[in-house]
Amino acid sequence: MELSRRRIFQILNKGDRTDAASYGCDIFLTTLILLNLLAVCLESLEGIRLAYQTELELFENISVLIFVLEYLLRVWSVASDEKNLAKDSAGRRASYIFSFHGIIDLAAILPSILQALMPGADLRWLRVLRLVRLLKISHYSTALEDLFSAIYAERQSFVAAIYLMAIALFLSSSMMYIAESGTPENAENFKSIPHTMWWSLITLTTVGYGDVSPVTGLGKIIGSITALMGVCAVALLTGIVASAFSNQMARREAIFEAEITAAMADGIIDEDEAEHLEDLRGRFKITEEHAQAIFDNIQEQQEVEQIIDERDSAKD
């Protein structure tokens, strides 16, 4: 029983090509999620919805049944997760249910269930909420986790950049309100500072819809300065996020290199150490070629150190 539950847990979670069942499950569920997103988008086209309503509803019902089964199996099998810090099965299941992945898995099936329980009601917003299924791919990709962890690692710089953006937003909004609120053309668009913040935000983010624009000379000067501040602010935020990703990858490589060095301290890498390194490589998203290059570099360094030690010993 425990072995079967553990195996189901392995299959449902991300696997590599060496585990055909797990890798096949990953491909199947990822494909099903993408097809669901396509179906939701096509369903919004009236012509396609009327022509293929039966087929779309059948596909949705089958998808929901699969996602419900997947969710129940995840809740049941997560009790075999040895990496979970909870002490018992109930705690492990609760930790999954209230985790990010658990909430997303539940949110992916709730719209269709609610829609079935309330037939006839205008539930277009529920149908659109099915797009949350896109986040289920986070089971097989750490992109969101990497983004949040990278921003968290550079949170002080990120908060400082947001603070500068807020200063620019309030300052430009206030100045533009003073410059444009008295003009007949923009009396409605700039009738208050909160109303002016729409123009300021769109200008600072360099979007520039053009629906609102200054007409006075002072307003145009303020608009030009705001646009320049926006370019600097966006570049600063982009640079912080890019630097955070780069630093995160460098830290992972340093940890991976240290683990390899520790494993090779006795001259050999046993089966447990190899399994640990492979698991670490997968979690850190380090390619096999890159991992092999790190391994070769460490091996060369150890060989050089050994030669130097031998020479020193011979001299003595």
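Thr196 is buried, at a relative accessible area of 0% (buried means under 20% relative accessible area, exposed over 50% and partly exposed in between, with a 1.4 Å probe and protein chains only). The model is predicted, so local features need pLDDT of at least 70 and side-chain atom pairs count only at pLDDT 80 or more, while totals for chains, interfaces and linings use all residues. Residues are numbered from 1 along each chain as its sequence is written, and side-chain values use heavy atoms, without hydrogens or water.

Thr196 belongs to helix H10 (residues 193-204). Helices are DSSP runs of H or I, at least four residues long, numbered from the N terminus. A polar atom of the Thr196 side chain lies 2.7 Å from the backbone oxygen of Ser192. Beyond neighbours within four places in sequence, Thr196 contacts Ser173, Met176, Tyr177, Asn189 and Phe190 (contact means heavy atoms within 4.5 Å).

Ser22 is also buried, at 0% relative accessibility. This residue sits in helix H2 (residues 20-43). Its side chain has a polar atom 2.9 Å from the backbone oxygen of Asn13. With neighbours within four places set aside, Ser22 touches Gln10, Ile11, Asn13, Lys14 and Gly15.

The largest nonpolar core has 11 residues, including Phe256, Met264, Leu280 and Ile298. Such a core is a set of buried Ala, Val, Leu, Ile, Met, Phe, Trp, Tyr and Cys residues joined through side-chain atoms within 4.5 Å. Helices H11 (217-263), H12 (271-283) and H13 (288-315) each give two or more residues to this core. Apart from it lies another core, of eight residues, among them Ala161, Met165, Ala168 and Ile240.

Note on methods: A polar contact is a pair of N or O atoms within 3.5 Å; within protein, one must be able to donate a hydrogen and the other to accept it, and residues adjacent in sequence count only if both atoms are side-chain atoms.
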